[in-house]
Amino acid sequence: MPVAAAVSLRGVTRVYHTAGEGETAALAGVDLDILDNEFFTLLGPSGCGKTTLLRMVAGFDEPTEGHVLLFGQPIQGLPPHRRPVNTVFQSYALFPHMSVAGNVGFALEMLGWPRAEREARVAEMLDLVRLPELGRRKPGQLSGGQQQRVALARALAPRPKVLLLDEPLSALDLKLRKEMQIELKRLQRETGITFVFVTHDQEEALTMSDRIAVMRSGHVLQVGSPRDVYEHPRHRFVAQFIGETNLVGGRVVGEADGAALVDLDGGMRVALRADGVGAGRPVTLAVRPERLRLAAGGGDGDGGWPGTVGEAVYSGTDTAYHVALDGGPTFVVREQNRAAGTATAAVGERVSVVVEPDAWQVLED
Ligand code: ADP
Ligand code: MG
């Protein structure tokens, strides 16, 4: 029997009516399966519908159309406290007048847990988030990072099956944020709970997730592992939103040995092995800067695309060369600085940009 997903969305649409603006579809027909025990991330720019999606799962809001299922069961109309789901917000929303232990045990008290069990669970949770000594403090006596740990302990205490995390790290400074990223990964691994994590930060999504859903304007554009969405973006938006990318337009002009021949804007011809690239069709191709290489020269017959270095931006581990390709776009080429003091190319120098055939990605849109 197939294992039911922890969270499923089937054709979920949420339309808001706003005076003067008419209707906005915060979510537009979203289908999604989040597996049990996954660290799953919703990634997209502000306003793309991430919080709206979480609110549907938590039960703070209901779809205009479509269904949300938890472990295969429809949950329409089930109030938030009856769902095996808990949420951690960006603002930790701790009760300021209550002690840390009081905050962590609050939901358990509401659920009628006996005192001894409650206290044991609170101690266990404070151990889990590595704040065993701080149960008596008030939230105001804690740092931002410690408050976030308390919020996590509080959300995990009633043993939810799914934890929703709405940009929980965005209020923290960079160093603390990096620490909490590792901490969250550990908590997910140790508890085995399904985490649905929201961020607009692509690097955070890549480093933390088992899988990522990339969203734009109420739609899920692509779902996959960090490697999938980075190395094989299917959409122009996904290619540009995640990491740096070089884009070039072209047209499919024929076929040879099962590969599509594409004439790129600027005159280069490349052979691509990709599905669905029919003759005559305009295409957009993307290639990551680190998949490109500089070769000496810049004349014909060097096997690369000739151009001139416009800028060389040194950033320690690597250097980004901006190369204006003859008759074409400017591409960024990233070269690792393996040996000290050696620049691969100087500004103004003629070079060739070499692209391995399998480095090209064909994009929709
Ligand atoms: P995100 O969390 O990705 O930043 P949201 O889910 O908060 O995005 O919002 C998605 C869209 O829905 C936005 O255009 C937002 O303005 C709109 N929206 C969200 N909540 C409401 C609401 N209560 N009333 C009207 N529009 C809303
Ligand atoms: Mg939001």
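In the predicted model, helix 2 (residues 100-110) packs against helix 3 (residues 115-128) at an angle of about 125°, and their axes lie 9 Å apart. Axes are lines fitted to C-alpha atoms, for helices over the stretch in contact, with angles running from 0 to 180 degrees between N-to-C directions. Helices (H or I, at least four residues) and strands (E, at least two) are DSSP runs numbered from the N terminus. Helix 2 and helix 3 are therefore oblique to each other; angles under 35 degrees count as roughly parallel, over 145 as roughly antiparallel, 65 to 115 as roughly perpendicular and the rest as oblique. The crossing of helix 2 past helix 3 is right-handed, a term used if the near helix is turned clockwise from the far one, whereas a left-handed crossing has the near helix turned anticlockwise by less than a right angle. Helix 2 contributes Val100, Ala101, Val104, Gly105, Leu108 and Glu109 to the contact, and helix 3 contributes Arg118, Arg121, Val122, Met125 and Leu126, with contact meaning heavy atoms within 4.5 Å. By class, seven nonpolar, one polar and three charged residues make up the contact of helix 2 with helix 3. Ala, Val, Leu, Ile, Met, Phe, Trp, Tyr, Cys and Pro count as nonpolar, Asp, Glu, Lys and Arg as charged, and the others, Gly among them, as polar.

Five strands form an open sheet in the order 13-12-11-14-20, with antiparallel pairing; two strands pair if DSSP finds at least two bridges between them. Strand 13 (269-272) and strand 20 (361-363) are the edge strands, each pairing on one side only. From one strand to the next, the twist averages 45°. Strand 12 (residues 259-264) runs antiparallel to strand 13 and is joined to strand 13 by four bridges. Ala260 has Leu272 of strand 13 as its bridge partner. Asp257 lies in the loop between strand 11 (246-256) and strand 12. This residue is not a glycine, yet its phi is positive, near 50°. Asp257 is exposed, with a relative accessible area of 71%; buried means under 20% relative accessible area, exposed over 50% and partly exposed in between (1.4 Å probe, protein chains only).

Strand 16 (residues 305-314) pairs with two further strands. With strand 19 (residues 350-355), strand 16 forms four bridges in the antiparallel sense, and Arg350 of strand 19 is the bridge partner of Thr308. With strand 17 (residues 318-325), strand 16 forms seven bridges, also antiparallel. Thr319 in strand 17 is the bridge partner of Tyr314. The hairpin of strand 16 and strand 17 has three residues between the strands, and Gly316 in this hairpin takes a positive phi near 90°.

A positive phi of about 55° occurs at Arg159, which is not a glycine. Arg159 is found in the loop between helix 4 (144-156) and strand 7 (162-166) and is exposed, with a relative accessible area of 51%. Leu174 belongs to helix 5 (residues 174-191) and, at 61% relative accessibility, counts as exposed. Its C-alpha atom is separated by 45 Å from that of Arg281, 107 residues apart along the chain.

Residues are numbered from 1 along each chain as its sequence is written, and chains are lettered from A and ligands numbered from 1 in the order in which they are written. Because this is a predicted model, local features need pLDDT of at least 70 and side-chain atom pairs count only at pLDDT 80 or more, while totals for chains, interfaces and linings use all residues; side-chain values use heavy atoms, leaving out hydrogens and water.
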